[in-house]
Amino acid sequence: MSEKVLVACYGSLRTGQANFHVNARGGGVSIGEGFTKENYNLYRYNGAYFPSVSLAHNDHGTPVRVEVFETTEAGLKGAYDTLEGYSEDESYRFYNRTQIPVVLDSGEEVVAWIYHIDQDLPDWAVKHGDWVKHLSEEE
């Protein structure tokens, strides 16, 4: 049986968003929403219609809003890595993947994988740290 892992999703994988269906393909089940324990910068990736988080930049002074999904190692390396363009081979990688602490709204602290691109994109900052809120503000 494959080991259970957690994935922190901040963009299109969250409930109600365009790629939410990928969670089912990866066997992902939501265990709740929360925030990254540390402050990270959230961006609209170079003006594209998807977000990126930089773990290397935190000058916005805010944690990032996430929804955490429980899946298996196989689901992580299958559906999730495929969507995010993650490969063990760095020459074929779009997003990076790192484990970080997340504080769920319930107060529970968990460790979850997060996909990130460590570029500073100040012209495309989402300073409040919530991609879904950002999309609703654009409507």
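Predicted model: local features only at pLDDT ≥ 70, side-chain atom pairs only at ≥ 80, totals over all residues.
1. Helix α3 covers residues 131–138, and its buried residues are Trp131, His134 and Leu135. When the helix is viewed down its axis, these buried residues fall within an arc of 100°, so they line one face of α3. The elements against which they pack are β3 (41–44) and β4 (51–54).

2. At the N-terminal end of α3 the cap is provided by Asp130, which has a side-chain oxygen 3.1 Å from the backbone nitrogen of Val132.

3. Within α3, two residues can be looked at one by one. His134, which lies in this helix, has a relative accessible area of 12% and is therefore counted as buried, the limit being under 20%. Leaving aside neighbours within four places in sequence, the residues in contact with His134 are Arg44, Val126 and His128. Glu137 also has its place in α3, but with a relative accessibility of 47% Glu137 counts as partly exposed.

4. Helix α2 runs over residues 73–84, and at 1.5 Å a residue its twelve residues should span 16 Å; the C-alpha atoms at its ends are 15 Å apart, which agrees. Its buried residues are Gly75, Leu76, Ala79, Tyr80, Asp81 and Glu84, and the elements they pack against are β1 (4–9), α1 (21–25), β5 (65–72), β6 (96–104) and β7 (109–116). Just after this helix comes Gly85, with a positive phi of about 70°.

5. A positive phi is also found in a residue other than glycine, namely Asn46, where the value is near 45°. This deserves a reader's attention because most residues other than glycine have a negative phi. Asn46 is placed in the loop between β3 and β4, and its relative accessible area of 44% makes it partly exposed.

6. The count of aromatic pairs in the model comes to five. One of them joins Phe94 and Tyr95 in an edge-to-face arrangement, with 5.2 Å from centre to centre and 80° between the planes; the angle is over 60 degrees, so the pair counts as edge-to-face. The two partners are set apart by their accessibility, since Phe94 counts as partly exposed at 39%, whereas Tyr95 counts as buried at 5%. Both rings belong to one aromatic cluster, which is formed by Tyr45, Phe50, Phe94 and Tyr95.

7. A further ring takes part in a contact with a charge: the charged end of Arg97 sits over the ring of Trp113, at 4.6 Å from the centre of that ring. Trp113 is also touched by Gln99, as are Val111 and Ala112, when residues up to four places away in sequence are not counted. Gln99 itself lies in strand β6 and counts as partly exposed, with a relative accessibility of 44%.

8. Gln99 and Leu6 are 93 residues apart along the chain, and their C-alpha atoms are separated by 8.9 Å. For Glu137 and Glu108, which are 29 residues apart along the chain, the separation of the C-alpha atoms is 29 Å.

Notes: Residues numbered from 1 in each chain as written. Heavy atoms only, no water. Buried < 20%, exposed > 50% of the residue type's maximum accessible area, 1.4 Å probe, protein only. Helix = DSSP H or I, 4+ residues; strand = E, 2+ residues; numbered from the N terminus. Arc of directions from axis to C-beta. Contact = heavy atoms within 4.5 Å. Polar contact = N/O pair within 3.5 Å; in protein donor to acceptor, adjacent residues only side chain to side chain. Expected span 1.5 Å × (residues − 1). Phe/Tyr/Trp six-rings, centres within 6.5 Å; stacked < 30°, edge-to-face > 60°. Lys NZ or Arg CZ within 6 Å of the ring centre and 35° of its normal.
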